[in-house]
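Student: I would like to learn how to read a protein model step by step. Could you walk me through the one we have here?

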Amino acid sequence: MCNYWGVKYYVFKDRLSENWTLEEALESRQPDSIKDHLSRGFKTKSEMCLYWGVKEYVFNDRIKDGWSLEEALEGKNPKTVVDHLGRKFDTEKDMCAYWGIKSYIFKDRIKDGWSLEEALTIPYKF
C-alpha cells in the first residue's frame with residue numbers, strides 16, 4: 001500500500017502514530033493544523049485567513065491587539081463605541097466627530113457625570 005502511494009513505510013507509521021488519518025498518511029498531506037472559531041480545520045494560518053477574506057498581517061495585528069479569534073477573522077472590532085441611539089463607531093473620536101463635538105469636551109462631560117446623550121448633543125458654548 002505504501003509503495004502504491006509512494007510513501008516510505010516508516011513515514012507512514014510515524015504519521016499514524018501522530019494521529020493522522022489513513023488518507024492523510026498515504027496522500028502525504030498534513031492534517032488540519034489550525035482551526036477557526038467554528039472548528040473548521042485549515043492547513044495553515046494563511047489558508048484560514050484567505051477563507052475568511054482577511055489579510056494575514058491584519059489578522060496578526062488584531063490578535064496582538066487582544067482581539068479574539070472570531071473578532072480577528074470576522075473583523076468585528078471589540079472596541080467599537082455605541083452612542084445613545086445605538087449607532088456603532090470604530091472609535092470614540094469618530095463618534096464625537098459624527099455628533100460635532102470635540103472628544104476632549106466629550107470626555108470632560110462624561111467625567112463630570114453628564115449622560116451620554118447630553119455629552120454628545122448639547123452644543124459647546126465658548
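Tutor: Gladly! Let's begin with the labels: helices (H or I, at least four residues) and strands (E, at least two) are DSSP runs, numbered from the N terminus. With those labels, Ser39 is found in the loop between β1 (34–35) and β2 (41–42). This is a predicted model, where local features need pLDDT of at least 70, side-chain atom pairs count only at pLDDT 80 or more, and totals for chains, interfaces and linings use all residues. Residues are numbered from 1 along each chain as its sequence is written, and side-chain values use heavy atoms, with hydrogens and water left out.

Student: How many helices and strands are there in the protein chain?

Tutor: The protein chain has nine helices and four strands. Along the sequence they follow the pattern α-α-α-β-β-α-α-α-β-β-α-α-α. The radius of gyration is taken over C-alpha atoms, and the globule rule is 2.2 Å times the number of residues to the power 0.38. For the protein chain the radius of gyration is 25 Å, well over the 14 Å that the rule gives for 126 residues, so the chain is more spread out than a compact globule. Along the principal axes, its C-alpha atoms fill a box of roughly 85 × 20 × 20 Å.

Student: What is the phi of Ser39?

Tutor: First the general idea: most residues other than glycine have a negative phi. The phi of Ser39 is near 65 degrees, a positive value in a residue other than glycine.

Student: Is Ser39 buried or exposed?

Tutor: Buried means under 20% relative accessible area, exposed over 50%, and partly exposed in between (1.4 Å probe, protein chains only). Ser39 has a relative accessible area of 54%, so it is exposed. Pro123, in the segment after α9 (116–121), is exposed as well, at 60%. Of the 126 residues of the protein chain, 24% count as buried.

Student: Which residues does Asp83 contact, leaving aside its neighbours within four places in sequence?

Tutor: A contact means heavy atoms within 4.5 Å. Leaving those neighbours aside, Asp83 is in contact with Phe89, Met95, Trp99, Leu116 and Leu120. Asp83 lies in the loop between β3 (81–82) and β4 (88–89), and its relative accessible area is 4%, so Asp83 is buried.

Student: Which backbone nitrogen does the side chain of Asp83 reach at 2.9 Å?

Tutor: Here we need the polar contact: a pair of N or O atoms within 3.5 Å, where, within protein, one must be able to donate a hydrogen and the other to accept it, and residues adjacent in sequence count only if both atoms are side-chain atoms. The side chain of Asp83 reaches the backbone nitrogen of Leu85 at 2.9 Å. It also reaches that of Gly86 at 3.0 Å, and the backbone nitrogen of Arg87 lies 2.8 Å from a polar atom of the Asp83 side chain.

Student: What does Phe12 touch, not counting residues up to four places away in sequence?

Tutor: With those residues left out, Phe12 touches Met1, Cys2, Val7, Leu22, Ala25 and Leu26. Phe12 is found in helix α2, and its relative accessibility is 6%, so it counts as buried. Its partner Val7 is found in the loop between α1 (2–5) and α2 (9–17); with 5% relative accessibility, Val7 counts as buried too.
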